[in-house]
Amino acid sequence: MALTPAILEMGMGIDLHGRNYTEAAKRATWNAVHQSSLMFLGLLGPDTSKEMIVEVTIAIPNPDAVDQDEVLSVLPHGKGVLNVVQGGLEIEPREGSGDFTVMANAAVVVKVDVE
C-alpha cells in the first residue's frame, strides 16, 4: 500500500475556563476535520474512508496533559495517529484569577492509497 498525502486541514480549539488541554485539543481536531467534505474518496474504492490514515498533530502548551484516545475519538473516518507537541497558547486574562484559557492548534493530514 502506497500512502499519499491527499488532504491537509488546520483547526483551532479553545478551552476558555477549565484549563482542559484535552478539550482544547479535541476542539481543534474537530474544527479541522469538519471543514471538509471528502466526496472524492469513493472514487478510490469502497473502503477508502475506513482504510485512510489520519495523522493529527496538536500544538498545545502542556502536551503531557492530553488524553490521546479522547482526541482521536472525534475523527469520523480512518485510522487516527496523534502527535502532540509543545505550542499553542495559555493565558490568564485576569491576572491572579487562576482562570486560564488554553488554545490548541491542529494540523490534520489524510493519507490514502492511490495505487
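Why does Thr29 count as buried? At 0% relative accessibility, Thr29 falls in that class, where buried is under 20% relative accessible area, exposed is over 50% and partly exposed is in between (1.4 Å probe, protein chains only). Some notes on the rest follow.

1. Ground rules. This is a predicted model, in which local features need pLDDT of at least 70 and side-chain atom pairs count only at pLDDT 80 or more, while totals for chains, interfaces and linings use all residues. Residues are numbered from 1 along each chain as its sequence is written, and side-chain values use heavy atoms, with hydrogens and water left out.

2. Overall layout. The protein chain has 3 helices and 5 strands, where helices (H or I, at least four residues) and strands (E, at least two) are DSSP runs numbered from the N terminus. The order from the N terminus is β-α-α-β-α-β-β-β. Along the principal axes, the C-alpha atoms fill a box of roughly 55 × 25 × 20 Å. Of the 115 residues, 36% count as buried. Take the contacts (heavy atoms within 4.5 Å) between residues at least 6 apart in sequence: 76% of them join residues at least 24 apart.

3. The core. The largest nonpolar core holds 24 residues; such a core is a set of buried Ala, Val, Leu, Ile, Met, Phe, Trp, Tyr and Cys residues joined through side-chain atoms within 4.5 Å. Those with the most contacts inside it are Val54, Val56, Ile58, Ile60, Val66, Val108 and Val110. Two or more residues come from each of α1 (21-33), β2 (53-60), β3 (79-86) and β5 (101-113). Leaving aside neighbours within four places in sequence, Val108 has contacts that include Ile7, Leu8, Ala32, Val33, Val54 and Val56, and also Glu9 and Glu55.

4. Val66 is in the loop between β2 and α3, and it counts as buried because its relative accessibility is 9%. Beyond four places in sequence, Val66 touches Tyr21, Thr22, Ala25, Ile60, Val71 and Val84. Val66 and Val84 are 18 residues apart in sequence, with C-alpha atoms 7.9 Å apart.

5. Helix α1. The 13 residues of α1 should span 18 Å at 1.5 Å a residue, and the end C-alpha atoms are 19 Å apart, which agrees; the expected span is 1.5 Å times one less than the number of residues. Asn20 caps the N-terminal end, with a side-chain oxygen 3.1 Å from the backbone nitrogen of Thr22. That is a polar contact, meaning a pair of N or O atoms within 3.5 Å; within protein, one must be able to donate a hydrogen and the other to accept it, and residues adjacent in sequence count only if both atoms are side-chain atoms. The buried residues of α1 are Tyr21, Thr22, Ala24, Ala25, Lys26, Ala28, Thr29, Ala32 and Val33. Their cover includes β1, β2, α3 (68-72), β4 (89-91) and β5.

6. Back to Thr29. Thr29 lies in α1. A polar atom of the Thr29 side chain is 3.0 Å from the backbone oxygen of Ala25. Setting aside neighbours within four places in sequence, Thr29 is in contact with Val56, Ile58, Val71, Val74, Leu75 and Ala106.

7. Asp15 is in strand β1 and counts as buried because its relative accessibility is 8%. The Asp15 side chain reaches two backbone nitrogens, that of Gly18 at 2.9 Å and that of Arg19 at 2.8 Å. Not counting residues up to four places away, Asp15 also touches Asn20, Glu23, Ala24, Arg27, Phe100, Thr101 and Val102.

8. Arg19, worth a look. Arg19 is found in the loop between β1 (3-15) and α1, and its phi is near 50°, a positive value in a residue other than glycine. At 38% relative accessibility, Arg19 counts as partly exposed. The charged end of Arg19 sits over the ring of Phe100, 3.7 Å from its centre; the rule asks for NZ of Lys or CZ of Arg within 6 Å of the ring centre and within 35 degrees of the ring normal.

9. Asn105. Asn105 is in strand β5 and is partly exposed, at 32% relative accessibility. Among its contacts beyond four places in sequence are Gly11, Met12, Ala28, Thr57 and Gly88. Asn105 and Arg27 are 78 residues apart in sequence and 9.2 Å apart in space, C-alpha to C-alpha.
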